[in-house]
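Please read them alongside the sequence and the coordinates.

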Amino acid sequence: MNELSELDLQNLRHLIGGFDTTHCKMTVYAQEAGDPAVKQFFQKSAQSAMQCKQQLMTFLQ
């Protein structure tokens with residue numbers, strides 16, 4: 001993939017921002033969770049969101 005259109009870049013920006021927001025929220029939820037199973041769920045969700053964000057960032061390199 002050599003070139004991205006302006007629309008592609010806007011879509012990537014939107015997706016990356018969404019995954020970043022999700023990562024932040026899930027991290028906070030995990031910190032506030034009292035139940036270990038719920039805490040683990042939010043931690044895994046935060047990690048997954050960060051991985052997706054990083055994968056999308058590779059298109060910008």
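1. A residue is called buried when its relative accessible area is under 20%, exposed when that area is over 50%, and partly exposed in between. Asp 20 has a relative accessibility of 30%, so this residue counts as partly exposed. The model is a predicted one, and the values in the points that follow are computed from it.

2. Which helices do the two ends of the salt bridge belong to? The side chains of Asp 20 and Lys 53 form a salt bridge, with an N to O distance of 3.2 Å. Asp 20 sits in helix α1, which covers residues 6-32, and Lys 53 sits in helix α2, which covers residues 36-57. The two partners are 33 residues apart, and the pair thus links distant parts of the chain. The count of salt bridges comes to one.

3. Is Lys 53 buried or exposed? Lys 53 belongs to helix α2. Its relative accessible area is 19%, and because buried means under 20%, Lys 53 counts as buried. The value for Asp 20, at the other end of the salt bridge, is 30%, which makes Asp 20 partly exposed. Beyond its neighbours within four places in sequence, Lys 53 is in contact with Ile 16, Phe 19 and Asp 20.

4. How are the two helices placed against each other? The axes of α1 and α2 are 8 Å apart, and the helices pack at an angle of about 160 degrees. Angles over 145 degrees count as roughly antiparallel, so α1 is roughly antiparallel to α2. The crossing of the two helices, α1 and α2, is left-handed.

5. Leu 12 is in helix α1. With a relative accessible area of 9%, Leu 12 is buried. Setting aside residues up to four places away in sequence, Leu 12 touches Leu 4, Leu 56, Phe 59 and Leu 60. From Leu 12 to Asp 35 the C-alpha to C-alpha distance is 35 Å, and the two are 23 residues apart in sequence.

6. Leu 9 is also found in helix α1. Its relative accessible area is 39%, so Leu 9 is partly exposed, whereas Leu 12 is buried. Not counting residues up to four places away in sequence, Leu 9 touches Leu 4 and Leu 60. Leu 9 and Phe 59 are 50 residues apart in sequence, yet their C-alpha atoms are 9.1 Å apart in space.

7. Two further positions concern the spacing of C-alpha atoms. Val 28 lies in helix α1 and is partly exposed at 36% relative accessibility. Its C-alpha atom is separated by 9.9 Å from that of Lys 39, which is 11 residues apart along the chain. Gln 54 lies in helix α2 and is partly exposed, with a relative accessible area of 47%. Gln 54 and Ile 16 are 8.2 Å apart, C-alpha to C-alpha, and 38 residues apart in sequence.

Note on methods
Residues are numbered from 1 along each chain as its sequence is written. This is a predicted model: local features need pLDDT of at least 70, side-chain atom pairs count only at pLDDT 80 or more; totals for chains, interfaces and linings use all residues. Side-chain values use heavy atoms; hydrogens and water are left out. A salt bridge is a side-chain nitrogen of Lys or Arg within 4 Å of a carboxyl oxygen of Asp or Glu. Helices (H or I, at least four residues) and strands (E, at least two) are DSSP runs, numbered from the N terminus. Buried means under 20% relative accessible area, exposed over 50%, partly exposed in between (1.4 Å probe, protein chains only). Contact means heavy atoms within 4.5 Å. Axes are lines fitted to C-alpha atoms, for helices over the stretch in contact, and angles run from 0 to 180 degrees between N-to-C directions. Angles under 35 degrees count as roughly parallel, over 145 as roughly antiparallel, 65 to 115 as roughly perpendicular and the rest as oblique. A crossing is left-handed if the near helix is turned anticlockwise from the far one by less than a right angle, and right-handed if clockwise.
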